[in-house]
Amino acid sequence: LPKAELHVHFEGTVSPTLLCTLAQKNSVDLKAAVALPGLAEPIQPPPGLAEGTPRMRDFLDFIGIYLKTTQTIQSADDILLIAEEMLSSAAAQNIQYIECYFTPTTFALFNVQTKDLFDGLIAAETLAKMKYQIELQWIFDIVRNVSRDGAETLVLARAARKQGVAVYSIGLAGYEAQGSARMFATAFEIARAEGFRTLAH
């Protein structure tokens with residue numbers, strides 16, 4: 001049957017094999033902890049990540065995998081590699097429409113240039129349409145345990161749309177024990193007023 005994928009995280013579609021390939025390509029040590037502004041302390045990746053057999057024991061292990069994956073994505077070409085793998089899997093399942101979460105603020109913490117990110121997202125949309133006949137749109141998400149009010153995600157969503165990225169929605173993700181949804185009410189009101197759809201985990 002034809003299907004729609006309404007909740008998938010781009011960074012989460014990276015297979016362990018592709019993660020190791022990207023880490024080697026971009027000289028990222030998958031065993032090293034990640035220290036970023038806004039984190040109280042460095043986040044350790046879970047056991048087995050560097051060997052392609054990660055073992056998640058709790059939410060912090062999930063965060064560790066997510067951060068290491070994001071760290072390995074450094075160019076438009078990297079985004080296109082991931083998109084190829086994601087779209088190939090989607091096509092095999094007869095998925096014809098995808099709304100895909102993407103977290104631009106985390107890439108900003110790793111100092112990836114937004115133009116490179118947006119070029120990669122546009123290339124992924126083109127690949128989806130031309131090779132797989134899939135419509136691909138993006139959900140830019142606010143990370144509740146890192147952001148104070150979500151304003152930075154709106155800035156990036158506007159810039160992406162201006163460059164031609166199909167940003168459909170503004171979402172809310174992250175560690176739900178930290179960062180009340182009330183903190184982002186104004187950002188969501190502004191997003192809706194500007195024509196974005198909104199949703200939250």
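This is a predicted model: local features need pLDDT of at least 70, side-chain atom pairs count only at pLDDT 80 or more; totals for chains, interfaces and linings use all residues.

Me: At what angle do H5 and H6 pack, and how far apart are their axes?

Reply: Two packed helices are described by the angle between their axes and by the distance between those axes. Here helix H5 (residues 114-132) packs with H6 at an angle of about 55°, and the axes are 10 Å apart. The crossing of H5 and H6 is right-handed. On the H5 side the residues that meet H6 are Thr114, Lys115, Phe118, Asp119 and Ile122, and on the H6 side they are Leu156, Ala159, Ala160 and Gln163. Sorted by class, the contact of H5 with H6 comprises five nonpolar, two polar and two charged residues.

Me: How do H1 and H2 cross, and which residues make the contact?

Reply: The axes of helix H1 (residues 16-25) and helix H2 (residues 59-72) come within 8 Å and cross at roughly 50°, and H1 and H2 are therefore oblique to each other. H1 passes H2 in a left-handed crossing. Leu19, Leu22 and Ala23 of H1 make the contact with Lys68, Thr69 and Thr72 of H2, and by class this contact of H1 with H2 holds three nonpolar, two polar and one charged residues.

Me: What is the orientation of H1 and H3 to each other?

Reply: H1 and H3 pack at an angle of about 170°, with their axes 11 Å apart, and they are therefore roughly antiparallel to each other. The contact is formed by Leu18, Leu22 and Lys25 of H1 together with Asp78, Leu81, Ile82 and Glu85 of H3. The class count for the contact of H1 with H3 is four nonpolar, no polar and three charged residues.

Me: Over how many bridges do E1 and E2 pair, and over how many do E2 and E3?

Reply: E1 and E2 pair in the parallel sense over five bridges, and within that pairing Glu5 stands opposite Ile98 in E2. Strand E2 (residues 95-102) and strand E3 (residues 135-143) also pair in the parallel sense, over six bridges, and Cys100 stands opposite Trp138 in E3. E2 is mostly covered, since seven of its eight residues are buried.

Me: Is Ile139 buried or exposed, and what does it touch?

Reply: Ile139 lies in strand E3, and with a relative accessible area of 0% it is buried, because that value is under 20%. Leaving aside residues up to four places away in sequence, Ile139 touches Leu6, Glu99, Cys100, Tyr101, Phe102, Ser169, Ile170, Gly171 and Leu199. Ile139 and Phe110, for their part, are 29 residues apart in sequence and 20 Å apart in space, C-alpha to C-alpha.

Me: What is phi in Ser27 and in Asn94, and where are these residues found?

Reply: Most residues other than glycine have a negative phi. Ser27, however, has a phi near 55°, a positive value in a residue other than glycine; Ser27 is placed in the loop between H1 and H2, and at 69% relative accessibility it counts as exposed. Asn94 has a positive phi of about 60° although it is not a glycine. Asn94 is found in the loop between H3 and E2, and at 32% relative accessibility it counts as partly exposed.

Terms used
Residues are numbered from 1 along each chain as its sequence is written. Side-chain values use heavy atoms; hydrogens and water are left out. Two strands pair if DSSP finds at least two bridges between them. Helices (H or I, at least four residues) and strands (E, at least two) are DSSP runs, numbered from the N terminus. Axes are lines fitted to C-alpha atoms, for helices over the stretch in contact, and angles run from 0 to 180 degrees between N-to-C directions. Angles under 35 degrees count as roughly parallel, over 145 as roughly antiparallel, 65 to 115 as roughly perpendicular and the rest as oblique. A crossing is left-handed if the near helix is turned anticlockwise from the far one by less than a right angle, and right-handed if clockwise. Contact means heavy atoms within 4.5 Å. Ala, Val, Leu, Ile, Met, Phe, Trp, Tyr, Cys and Pro count as nonpolar, Asp, Glu, Lys and Arg as charged, and the others, Gly among them, as polar. Buried means under 20% relative accessible area, exposed over 50%, partly exposed in between (1.4 Å probe, protein chains only).
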